[in-house]
Amino acid sequence: MPFRPRTAARGAVLATAAVLLCSAASWARPDAAPAPPGWSAAPAPGAGAEPGPRDRPYFYLEGAPGTVLSDRLSLGNPTGHAVTVRLRGSTPGGWLSLASARVTVPPHTRASVPFTVTVPRDAAPGAHAGSLVATGGRGSGAQGRDAVPVHLRVTGRPLSALTVEKVSVRGRGEAALIRYTLVNRGNTVLAPRLAVRADGLFGPVLRRAPRALPTTLRPGQGVDLTERWPDPPRLDAVDLRLTVTADGGAHGSATATYTTAPWGAVAGAAFLLAAGVGGPVVVLRRRRRARGAGEVPGAGGAPGARGAEGAGSAAGEAGDGPPSGGDRTDTAGQLAATGPGARS
């Protein structure tokens with residue numbers, strides 16, 4: 001049979017379409033919890049109409065902090081026997097409250113259960129997700145479960161703010177551990193990113209670009225975190241800075257000092273430095289004291305030296321001739337002649 005290119009291409013297109021249709025069918029049937037046997041739960045429709053898959057597939061509520069929002073859940077029982085259903089709300093902070101936690105629905109009847117959502121005054125603006133879960137069945141028979149999504153939006157001005165607190169470094173040698181605390185000071189949920197910088201005496205020793213942390217912070221929440229620092233410097237004085245950012249302009253930073261020198265080595269270096277400087281100073285002072293003590297006797301400071309010097313001066317001033325007894329008598333006579341009793 002001769003080969004026909006057009007027929008082959010048409011067959012390939014049909015095969016590809018069949019594969020795509022099969023894939024679309026598999027995507028349209030996601031793995032979900034089994035449907036409840038004989039009863040259903042859905043948001044109550046308006047004007048008393050029976051709820052269907054296109055009529056409010058989930059709850060959507062919107063309000064400001066401090067407001068109370070209300071709606072109704074519809075339970076349908078098309079079977080010929082009564083069905084008892086237990087209800088509970090799964091919302092953040094327990095904001096949802098049901099009018100009844102246990103409802104018995106008669107055969108071929110639909111029951112409407114009111115509920116309220118109280119938005120706290122300190123609730124974070126933005127989207128919040130929850131659900132209404134219904135579980136039940138007939139007596140001790142098969143149990144069914146159905147969950148209806150609840151989408152809640154809190155209005156208000158968002159504020160993104162956080163702080164970094166209690167930064168410290170522990171350990172040295174092969175690895176050190178950086179400990180710190182993050183606190184959400186705003187009213188929005190934050191996904192923080194951390195950057196680390198450390199500078200020693202001789203330059204940078206650690207640089208880590210901003211990266212997402214594996215945690216989220218609710219408004220007012222604080223969390224203690226750690227950051228591993230492998231192979232820190234063995235002998236250095238380091239200034240460490242942690243910087244944390246998040247969407248909405250949130251920014252916080254904190255610093256800490258980290259000295260890796262052992263105290264024994266620091267004390268030994270200080271002792272050697274003191275000994276190297278203090279020893280020459282002591283020797284110099286002793287030499288100055290000894291030199292001063294030797295100069296005092298030769299400088300005429302002692303009484304004996306001064307007496308000898310005075311005697312020598314007197315001997316020089318006594319006269320030009322040799323010191324004899326006649327000279328002394330003449331001198332004495334002259335002194336007597338010039339005394340108070342002498343007359344001219």
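Author: Keep in mind that this is a predicted model.

Reader: What makes strand β12 and β15 a pair?

Author: Two strands pair if there are at least two bridges between them. Strand β12 (residues 193–200) and β15 have seven bridges, in the antiparallel sense, so they count as paired.

Reader: Which strand pairs with β15 over 10 bridges?

Author: That's strand β16 (residues 250–259), again antiparallel. One of the bridges has A250 in β16 as the partner of A246. The two strands form a hairpin with three residues between them, and G248 in the turn has a positive phi of about 90°.

Reader: What does V164 touch?

Author: Leaving out residues up to four places away in sequence, V164 touches Y180, T181, L182, L242, V244, G252, S253 and A254.

Reader: Why is the pair of F59 and F115 called edge-to-face?

Author: Ring centres have to lie within 6.5 Å for a pair, and planes over 60 degrees apart count as edge-to-face. The centres of F59 and F115 are 5.0 Å apart and the planes are at 85°, so the pair is edge-to-face. F59 lies in strand β2 (residues 59–63) and F115 in strand β7 (residues 109–118), so the pair ties together parts that are 56 residues apart in sequence. Both F59 and F115 are buried.

Reader: And what about the rings of W229 and Y258, what is that pair called and why?

Author: Planes under 30 degrees apart would be stacked and over 60 edge-to-face, with the rest called tilted. W229 and Y258 have ring centres 5.7 Å apart and planes at 55°, so this pair is tilted. W229 lies in strand β14 (residues 222–230) and Y258 in strand β16, so the pair ties together parts that are 29 residues apart in sequence.

Reader: How do you know whether W229 is buried or exposed?

Author: Buried means under 20% relative accessible area. W229 has 2%, so it counts as buried. Y258, at 5%, counts as buried too.

Reader: How many salt bridges does the structure hold?

Author: Six. In general, side chains of opposite charge can pair when their charged atoms come close.

Reader: What makes the contact of D199 and R207 a salt bridge?

Author: The cut-off is a side-chain nitrogen within 4 Å of a carboxyl oxygen. D199 and R207 meet at 2.8 Å, N to O, so the pair counts as a salt bridge. D199 also meets R197 in a salt bridge, at 3.1 Å.

Reader: Why is D199 called partly exposed?

Author: Partly exposed falls between the 20% for buried and the 50% for exposed. D199 is at 23% relative accessibility, so it counts as partly exposed. R197, with 42%, is partly exposed, and so is R207 at 43%.

Reader: Which residue forms a salt bridge with E227?

Author: R208, with the closest N and O atoms 2.7 Å apart. That pair links distant parts of the chain: E227 is in strand β14 and R208 in strand β13 (residues 203–212), 19 residues apart. E227 is buried, with a relative accessible area of 5%, while R208 counts as partly exposed at 23%.

Conventions: Residues numbered from 1 in each chain as written. Predicted model: local features only at pLDDT ≥ 70, side-chain atom pairs only at ≥ 80, totals over all residues. Heavy atoms only, no water. Helix = DSSP H or I, 4+ residues; strand = E, 2+ residues; numbered from the N terminus. Phe/Tyr/Trp six-rings, centres within 6.5 Å; stacked < 30°, edge-to-face > 60°. Buried < 20%, exposed > 50% of the residue type's maximum accessible area, 1.4 Å probe, protein only. Contact = heavy atoms within 4.5 Å.
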